[in-house]
Amino acid sequence: MIKLEKPDIDVESIITDCIANLTKQPILTHINASQPTIVLKSEKYNELAEKGQLGTLETHTIVEGGATKDDMVWLYDNKFVADGGRKYYDKIKSIPKYSKCPFCGVGTVSTLDHYLPKTKYPTYAVTPVNLIACCADCNKKKKSEISETRNNEFIHPYYDDFNDEVWLKVKIVFDEEIIFSFYVEKPNTWEQEKYERAKNHLKKLQLNKLYVAHCGEEFSEYGYTAKGLYKRGGEELVREDLICRIEERRRVTKNNWRAALYEGLLESQDFFDKYLMS
């Protein structure tokens, strides 16, 4: 949900440094033979991603030239993460500002995710634009899933701009207990496909559950502030405060759970009539 700058790293340099002290056979022979293909395919990946056509890539177990799925997974795990390629791993991991996970906007970056799973698309196991810094929870929930249609594709932080409009909303019910429910509201400027992708992203990463878990503490703290403002200046002063909070939180990204929460309160008359007056 947070757009990132693409890593300024070329895959050829990564492979060269990863195999610089590699002697293990037949992996070394396989990787050397497949390196030109990996470089060309990585360039094609970028072209397809720019057009929203990554779904046209087919799953495979062998990279042209001879490298196997196991070879590429071994290269990533043993040479990219832990040896000659570690400097590239760390550089990609440092891309998100404030170490915020771009998939959820809440978790702290702790790993790299393969947008196209390395076990299904081994050609791109060390392709920089296929590696996305994220939190452990999103990495786990995303798993090795393959999207069958464009509508079901996860938001790609390097290529998709979902910060063009406000779409993350929350419904708040004030009853015996306060119930929060986050959802996607379709902006008028969006095509149906983009709307479906946003809904899918929210659902598959279980972001409603994540955001609701944070809402309890945030609302509990703000409730005391709001009631104090209400006593001093009534509904108007509370509304002014909510508007300021919304604007502050949308300066960096339009769609974050805190901004949605405060907007939900602003738009809820029950918040003013039931909660503040209780």
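**Note on the predicted chain**

1. Of the contacts in the chain with a separation of 6 or more, 70% are between residues 24 or more positions apart; a contact here means heavy atoms within 4.5 Å. The model is predicted, so local features need pLDDT of at least 70 and side-chain atom pairs count only at pLDDT 80 or more, while totals for chains, interfaces and linings use all residues. Residues are numbered from 1 along each chain as its sequence is written, and side-chain values use heavy atoms, with hydrogens and water left out.

2. The chain has nine helices and four strands, in the order α-α-α-α-β-β-α-β-β-α-α-α-α from the N terminus. Helices (H or I, at least four residues) and strands (E, at least two) are DSSP runs, numbered from the N terminus. The C-alpha trace spans about 75 × 35 × 30 Å along its principal axes.

3. Of the 278 residues, 46% are buried. Buried stands for under 20% relative accessible area, exposed for over 50%, and partly exposed for what lies in between (1.4 Å probe, protein chains only).

4. Strand β1 (residues 111-114) points Thr111 and Asp113 one way and Leu112 and His114 the other way, and all are buried. β1 pairs with strand β2 (residues 131-134) in the antiparallel sense over four bridges; strands pair if DSSP finds at least two bridges between them. Ala133 in β2 is the bridge partner of Leu112.

5. The count of aromatic pairs is 16. Rings of Phe, Tyr and Trp (its six-membered ring) pair if their centres lie within 6.5 Å; planes under 30 degrees apart count as stacked, over 60 as edge-to-face and the rest as tilted. Phe182 and Tyr211 form an edge-to-face pair, 5.3 Å centre to centre with 70 degrees between the planes. This pair links distant parts of the chain, with Phe182 in strand β4 (residues 178-184) and Tyr211 in helix α7 (residues 207-249), 29 residues apart. Phe182 is buried at a relative accessible area of 5%, and Tyr211 is buried at 1%.

6. Phe219 and Tyr275 have ring centres 5.0 Å apart and planes at 55 degrees, so the pair is tilted. This pair also links distant parts of the chain: Phe219 lies in helix α7 and Tyr275 in helix α9 (residues 269-275), 56 residues apart. Phe219 has 6% relative accessibility and so counts as buried; Tyr275 is buried at 17%.
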